[in-house]
Amino acid sequence: MASTGTMSDYLANATLDHSMGDAAYTAPAQVYLALCSTAVTASMTGGSITEMSEHGNHSSGYARVILAKGSFGNATSRNKDYAADIDFGEQVTTGDIDLVSWAIVDHADVGSGNVLFYGTFDPTPQTVSNGVTVKVLSGNLDIGIKTDLG
């Protein structure tokens, strides 16, 4: 359902500053998955992404979901896979909503925080209709760090 996520500009800059001793980076206490109806890009924040609840056809049932600590497991080859189902519950809509992308953010509230990683759905879009329970199944969300820009 989801592609491998890419690190945001915010997290890349924080990691570089931390690694070079210029500024300490403190990992967030919790991270959350956000579902988006428009493409997320590297420079976006938790306030500039367009989430499912902000779509004109959405009524209720959406909230960012906490990603449980330890569910990503240890990094291997610069990648981490989420090893649990992520359940957004039943969605109430007045029409179909096409989900294009996702973001891992550091704040629970829609419209807040920083994007840490982002990616697209595969295939794109994933359509959500009224009464559908939205889930990202175990193993379908992974994040990575690219090291060659080739």
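Which residue stands opposite Ala 34 in β9? In the predicted model described here, local features need pLDDT of at least 70 and side-chain atom pairs count only at pLDDT 80 or more, whereas totals for chains, interfaces and linings use all residues. Residues are numbered from 1 along each chain as its sequence is written, and side-chain values use heavy atoms, with hydrogens and water left out. The residue opposite Ala 34 is Ala 103 of β9, and the sheet that contains β9 is described below.

Helices (H or I, at least four residues) and strands (E, at least two) are taken as DSSP runs and numbered from the N terminus, and two strands are said to pair if DSSP finds at least two bridges between them. On this basis, seven strands form an open sheet of mixed pairing, in the order β4-β2-β9-β10-β1-β13-β5. Neighbouring strands are turned by 30° against each other on average, direction ignored, where axes are lines fitted to C-alpha atoms, for helices over the stretch in contact, and angles run from 0 to 180 degrees between N-to-C directions. Strand β5 runs antiparallel to β13 (residues 142-144), to which three bridges join it; within this pairing, Lys 80 has Ile 143 of β13 as its bridge partner.

Strand β9 pairs in the antiparallel sense with β2 over five bridges, and with β10, again in the antiparallel sense, over five bridges. The bridge partner of Ser 101 in β10 is Thr 120. Five of the five residues of β9 are buried, a term that means under 20% relative accessible area, with exposed meaning over 50% and partly exposed lying in between (1.4 Å probe, protein chains only). Ser 101, Ala 103 and Val 105 point one way from the strand, while Trp 102 and Ile 104 point the other way, and all are buried.

A nonpolar core is defined as a set of buried Ala, Val, Leu, Ile, Met, Phe, Trp, Tyr and Cys residues joined through side-chain atoms within 4.5 Å. The largest such core has 35 residues, of which Leu 33, Leu 35, Leu 67, Ile 86, Ile 104 and Leu 141 touch the most other members. Two or more residues of this core come from each of β2 (31-36), β4 (65-67), β6 (86-90), β8 (97-99), β9 (101-105), β10 (115-120) and β12 (133-136), and the most are given by β2, with six residues.

Two aromatic pairs are present in the structure. Rings of Phe, Tyr and Trp (its six-membered ring) pair if their centres lie within 6.5 Å, and planes under 30 degrees apart count as stacked, over 60 as edge-to-face and the rest as tilted. Tyr 62 and Phe 88 form a stacked pair, with 5.9 Å centre to centre and 0° between the planes. This pair links distant parts of the chain, as Tyr 62 lies in the loop between β3 (58-60) and β4 and Phe 88 in strand β6, 26 residues apart. Tyr 62 counts as buried at 11% relative accessibility, and Phe 88 is buried with a relative accessible area of 6%. Phe 72 and Tyr 82 form an edge-to-face pair, with 4.9 Å centre to centre and 70° between the planes. Phe 72 lies in the loop between β4 and β5 (79-81) and Tyr 82 in the loop between β5 and β6, so this pair ties together parts that are ten residues apart in sequence. Both Phe 72 and Tyr 82 are buried.

One salt bridge is counted, under the rule that a side-chain nitrogen of Lys or Arg lies within 4 Å of a carboxyl oxygen of Asp or Glu. In this salt bridge the side chains of Arg 64 and Glu 51 meet at 2.6 Å, N to O. The pair links distant parts of the chain, with Arg 64 in the loop between β3 and β4 and Glu 51 in the loop between β2 and β3, 13 residues apart. Arg 64 counts as buried at 7% relative accessibility, and Glu 51 counts as buried at 0%. A polar atom of the Arg 64 side chain also lies 2.9 Å from the backbone oxygen of Asp 109.

Ser 8, in the loop between β1 (4-7) and α1 (9-19), counts as buried at 0% relative accessibility. The side chain of Ser 8 reaches the backbone oxygen of Val 115 at 2.5 Å.

Key. Polar contact = N/O pair within 3.5 Å; in protein donor to acceptor, adjacent residues only side chain to side chain.
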